[in-house]
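This report concerns the structure shown below.

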Amino acid sequence: MASCTCGEQADQTKEAAMQKLFDQYRDYKGGLIPVLQEAQNIYGYLPKEVLQQIAKELRIPFSKVFGVCTFYAQFHLKPRGRNIIRVCLGTACHVRGGSKIFEAAKEHLGVGHGETTDDLKFTLETVACIGACGLSPCMMINDDTHGRLVPKQVGGIFDSYE
Ligand code: FES
């Protein structure tokens, strides 16, 4: 019986994309940030082995590559969920119970700020304002805005995401 090779093929596709990226940026000064951004697009985050490969291919010390990743909030060193939840804790949301929404989210998911559920379905984050203060308290899930929330709604909203 033939076994599934989807995982291997996916790895090869990623590896090929990385090689193309290195070919494009290997001799380009200042290529580290775009390479990190694209590598994160390819893998969904930046695994340590990928950072080591980037350091080697671009001939940059690993410590520098790692330092850049930890300096910029846009880079993620751990796997992220398929759905990114951003609970707003800005002033308008805070005064209307944003922290209770966040507590309900933490309780429902069993993770804290910046953490990802074990099934990689959700990553939970907070934001200072999502520009929808009139709908406070609110949160975003990916590009969807959910407003005028009460804590007991939160679980049902999460359950509507794949
Ligand atoms: S403070 Fe929450 S949307 Fe502005």
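The model is predicted, so local features need pLDDT of at least 70 and side-chain atom pairs count only at pLDDT 80 or more, while totals for chains, interfaces and linings use all residues. Residues are numbered from 1 along each chain as its sequence is written, and side-chain values use heavy atoms, with hydrogens and water left out.

**Sheet.** Helices (H or I, at least four residues) and strands (E, at least two) are DSSP runs, numbered from the N terminus. Four strands form an open sheet of mixed pairing in the order β2-β1-β3-β4. Its edge strands, β2 (122–127) and β4 (144–146), each pair on one side only. On average, neighbouring strands are turned by 20° against each other, direction ignored. Two strands pair if DSSP finds at least two bridges between them; β1 and β3 (residues 139–141) run antiparallel and are joined by three bridges. Ile85 is placed opposite Ile141 of β3. Helix α6 (residues 98–109) lies across β1 and β2, at about 165° to β2. Such angles run from 0 to 180 degrees between N-to-C directions, with axes fitted to C-alpha atoms, for helices over the stretch in contact.

**Pockets.** On a 1 Å grid over the protein atoms alone, a pocket is an open set of points where a 1.4 Å probe fits, with protein on both sides within 12 Å along at least five of seven lines; lining residues have an atom within 4 Å of a point. Grid points are joined across faces, edges and corners, and a volume is the space filled by probe spheres set on the points. In the classes below, Ala, Val, Leu, Ile, Met, Phe, Trp, Tyr, Cys and Pro count as nonpolar, Asp, Glu, Lys and Arg as charged, and the others, Gly among them, as polar.

| Pocket | Volume | Lining residues by class |
|---|---|---|
| Largest pocket | About 240 Å³ | two nonpolar, five polar, four charged |
| Second largest pocket | About 190 Å³ | six nonpolar, two polar, four charged |

The lining of the largest pocket includes His76, Arg80, His113, Thr123 and Glu125. Among the residues lining the second largest pocket are Tyr25, Tyr28, Leu58 and Lys64.

**Arg80.** Arg80 is located in the loop between α4 (62–71) and β1 (83–88). Its side chain makes a polar contact (N or O atoms within 3.5 Å, one able to donate a hydrogen and the other to accept it; residues adjacent in sequence count only if both atoms are side-chain atoms) with the side chain of Glu125, at 2.5 Å. Contact means heavy atoms within 4.5 Å; residues up to four places away in sequence not being counted, Arg80 touches Gly44, Arg86, Thr116, Leu120, Thr123 and Glu125.

**Backbone.** Leu120 lies in the loop between α6 and β2, and its phi is near 60°, a positive value in a residue other than glycine. Pro137, in the loop between β2 and β3, is joined to Ser136 by a cis peptide bond with omega about -5°. Most residues other than glycine have a negative phi, and most peptide bonds are trans.
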